[in-house]
Amino acid sequence: MCFTYHNEELFAEGVSLHKLAEEVGTPFYCYSSGKLAGNFQAYQNALGNFNHTVCYSVKANPNLGVLKTLAQLGSGADVVSAGEMYVALKAGIPADKIVFSGVGKTKEELEEAIKTQILQINAESIAEVETINRLAIDLGLKANVALRVNPDVDALTHVKISTGKQGDKFGVDWDDALPLYRAAARMPGIRLAGIAVHIGSQLLDLQPFRLAFTKIAQMVRELEKEGIVLQNIDLGGGLGINYNVELPPTCEAYAEVVRETLGDLNKHIIVEPGRSITGNMGILVTQVLYTKQMGEKNFIIVDAGMNDLVRPAMYEAWHTILPVERRGIAPIIADVVGPICESSDVFAKDRIIEPVQQGELLAIMCAGAYGAAMSSIYNFRPLVPEVMVHGEEFCVVRRRTSYEEMLSGQHVPQWI
Ligand code: LLP
């Protein structure tokens, strides 16, 4: 197991979190390389019978240590910016395992992707397809293109992370997809490589996947009737994880849905999981600065803030919070809050939690995906260290940003 208690003290694999806190200071992210590899392998095993590529969604956690671990295991990458493409290539992920998604790719980003000859660019509009065609012709190349279609399926997830319903900004409208495929098939700069779909994130039910994949299968058959034969079916990401009491579907159950809906098409299946690869391999360790009582309410004030982990503030997300040292005393009800000057800087409201004292450490669980990746220097706070553990070894895979680094790139206007 990756995060477990030994003698009432929480460890990351074989490494004491107390020791890490002494080493790098708090707050810090801590990643279990064993859990990371296990999560990736679960997809590889479940999809083993398909010709497939797991393209880890870099946006969930773009740390080079994370990406290199996955690259070594044979992962591809789903990227949404030239920056992510750069870091994926830097980590050793081959271009022919990279897919590029996103509604608003710039010309420069598209050019880069075409020149790099990545596995496919998932285009999301007529205008984007036309732009890719022009750019590819100018470069004297053909771009591998898939259309990301919007299947108009309700992902039954948080509204801010639902992406496959008509009215969402994502993808090509279902009814426009066939005509656009026909048009793109005649464009000299385009090699039609596939079809892509991503309906949302933190899905706990397989039914929306089933509906979307069934529609994709129909579309692929329809296209083949017209002589448009695609190689790749990219199913996006979205499989949920257990933050609290959720029961997410297993990779096997997910793969079974893929088999039932798309198995007989014999295509190259691409998946783009993010959260389910990195979510539970990471925690945010924070120190209690103060505790206080106001009226009936208990507050635990910690040194991590919404700039370090924005998910609770942004999506009302639940993250389990554990004491690094477990005492087994009767719990209290408290709000766990950060130091940022915003009332939304709250990690947990009215949480049943073991009482803690100034200086003690807490672990905010399941913070490996969309944690460090979404952090900022708001309140001019440094980006926190990220530490990866491997058995009894550890490595600071990103150190804390210094104030000089935070100021670098800033210029005082010459008129001052
Ligand atoms: N593919 C595409 C095209 C995506 O837009 C996303 C996520 C993924 C794959 C990966 O999805 P996953 O397997 O991680 O669910 N910041 C939010 C989540 C935003 C997800 C955005 N797109 C959060 O913290 O919950």
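Q: At what angle do helix H8 and helix H9 pack, and how are they arranged to each other?
A: This is a predicted model, in which local features need pLDDT of at least 70, side-chain atom pairs count only at pLDDT 80 or more, and totals for chains, interfaces and linings use all residues. Residues are numbered from 1 along each chain as its sequence is written, and side-chain values use heavy atoms, with hydrogens and water left out. The axes of H8 (residues 207–225) and H9 (residues 251–262) are 9 Å apart, axes being lines fitted to C-alpha atoms over the stretch in contact, with angles from 0 to 180 degrees between N-to-C directions. Angles under 35 degrees count as roughly parallel, over 145 as roughly antiparallel, 65 to 115 as roughly perpendicular and the rest as oblique, so at about 30° H8 and H9 are roughly parallel.

Q: Which residues of H9 meet H8?
A: Helices here are DSSP runs of H or I with at least four residues, strands are runs of E with at least two, and both are numbered from the N terminus. Contact means heavy atoms within 4.5 Å. On the H8 side the residues are Phe209, Arg210, Phe213, Thr214, Ile216 and Ala217. Their partners in H9 are Tyr254, Val257, Val258, Glu260, Thr261 and Leu262.

Q: What is the handedness of the crossing of H2 and H9?
A: The axes of H2 (residues 33–46) and H9 come within 9 Å and cross at roughly 35°. Ala42, Tyr43 and Ala46 of H2 make the contact with Cys251, Glu252, Tyr254 and Ala255 of H9. A crossing is left-handed if the near helix is turned anticlockwise from the far one by less than a right angle, and right-handed if clockwise. The crossing of H2 and H9 is right-handed.

Q: How are H3 and H4 arranged to each other?
A: H3 (residues 64–72) and H4 (residues 82–90) have axes 9 Å apart. Leu64, Leu67 and Lys68 of H3 make the contact with Val87, Ala88 and Lys90 of H4. The angle is about 55°, and therefore H3 and H4 are oblique to each other.

Q: Which residue does Glu256 meet in a salt bridge?
A: A salt bridge is a side-chain nitrogen of Lys or Arg within 4 Å of a carboxyl oxygen of Asp or Glu. By this rule the count comes to 17 salt bridges. In one of them, the N to O distance is 2.6 Å, and both residues lie in H9, three residues apart, about one turn of the helix. The partner of Glu256 is Arg259.

Q: What is the omega of the cis peptide bond that joins Thr26 and Pro27?
A: Pro27 lies in the loop between helix H1 (17–24) and strand E4 (28–32). The omega of the bond from Thr26 to Pro27 is about -10°.
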